[in-house]
Amino acid sequence: MFSSKEISELKSLLSSPKKITIISHRNPDGDAMGSSLGLLHFLIQLNHQVTFISPNEYPDFLEWLPKANETVIFEREYDKALPILQNSDYIFTLDFNALHRTGDAMQKTLEKLSNTMIMIDHHQLPDTYSKYTFSDVNYGSTCQMIYDFINILGYNHLINKEIATCLYTGIVTDSGSFRFPKTTPETHQCVADLISRGINNSEIHNLLFDNSSYERLQLLGKALQNLKVLPEFNASYITLSQEELNQYSYKKGDTEGIVNYGLSIKGIIVTAIFIENKEEGIIKISFRSQGNFDVNEFARKHFNGGGHINAAGGKSFLSLEETVNQFIAILATEKK
């Protein structure tokens, strides 16, 4: 948590109306969107002028979140986003701890700013760009951190249905529907309080997980056909080429959660999904693991990424086939 001195300073600076911008990482997920919009609804109640800027488009399955439709998309609305950032009294950076996670274009803009930044994040090894830093890897989601932040400021009574809906969304998605190891008693106590604010938790779950298009299910089927097992390394992996994505009318968010299927196989301790993105010239990678296999370190060391011990992401500038071969070769080397 922030130090007592920082909390006192933050409470003071939030006591009168300010221009505040909230930003998330590129390719925002449920936790990034939920924490950003949850904080936005809270700050609006304190009479601040608040804008949420996402580096790029958010997934369709999150468009129902309250005020998601007011999100400013940096890469699409640069001329609108730039003056908002430049004129901000404070900038909250949520669910990431290194500016490169916002993408090349937004990173360059943020590095030129002198505005005071406030980081709230639960990933490992935070950078030092923010004046105020709430970084704690023991949390399973940034949304739970926002909940605690609101409480420690003394504003629990301001948590309304809109805030609760946003925060619940990030907690349920980042916890794997409450099954991941960092789901603690405090997580459930937080969720119980959010449900008491009038949210429809079963409807939220349906909107997140039971709202697939026919094409998305077909894409999942193709991904599972492409699933390969490497028993000698207790590993598995999935590939999806650009051609396959196009074949099934891929939209942002359609591959969310597919990587977890590779970890559901008996005996597998590490899995990956490799997704080709020809427009960006990269292979996007997600890693998952069980036990002590640290995919955060693995992604940082080999694939320009990072994240958590058991969930991380990365990217490769090689071809899809070359990236997979590199992954297998690294596993073989590390097993020796």
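I started at S236 and listed its contacts (heavy atoms within 4.5 Å), leaving aside neighbours within four places in sequence: L227, K228, V229, L230, G262, I268, V270, T271, A272 and F327. I am working on a predicted model, where local features need pLDDT of at least 70 and side-chain atom pairs count only at pLDDT 80 or more, while totals for chains, interfaces and linings use all residues. Residues are numbered from 1 along each chain as its sequence is written, and side-chain values use heavy atoms, with hydrogens and water left out.

S236 sits in strand β8 (residues 235-240). I took strands (E, at least two residues) and helices (H or I, at least four) as DSSP runs, numbered from the N terminus. Is S236 buried or exposed? S236 is buried, at a relative accessible area of 0%; buried means under 20%, exposed over 50%, partly exposed in between, with a 1.4 Å probe and protein chains only. I found a polar contact of 2.7 Å between the side chains of S236 and T271. For a polar contact I required a pair of N or O atoms within 3.5 Å; within protein, one must be able to donate a hydrogen and the other to accept it, and residues adjacent in sequence count only if both atoms are side-chain atoms.

Next I checked strand pairing, which needs at least two DSSP bridges between two strands. β9 (residues 270-277) and β10 (residues 282-289) run antiparallel, joined by 8 bridges. In this pair I see A272 opposite F287 of β10. The two strands form a hairpin with 4 residues between them, and G281 in the turn has a positive phi of about 70°. β10 also pairs with β12 (residues 311-316), antiparallel, over 6 bridges; there I283 stands opposite S316.

I then looked at nonpolar cores: sets of buried Ala, Val, Leu, Ile, Met, Phe, Trp, Tyr and Cys residues joined through side-chain atoms within 4.5 Å. The largest has 53 residues, and F42, F92 and L194 touch the most other members. Helix α6 (residues 161-174) gives the most to this core, with 7 residues. Another core lies apart from it, with 20 residues, including F233 and F327.

Last, the cysteines. How many disulfides are there? I count 0 disulfides, taking a disulfide as a pair of cysteine sulfur atoms within 2.5 Å. C143 is buried, at 0%. C190 is in no disulfide either, with the sulfur of C143 the nearest at 8.7 Å. C190 is buried too, at 2%.
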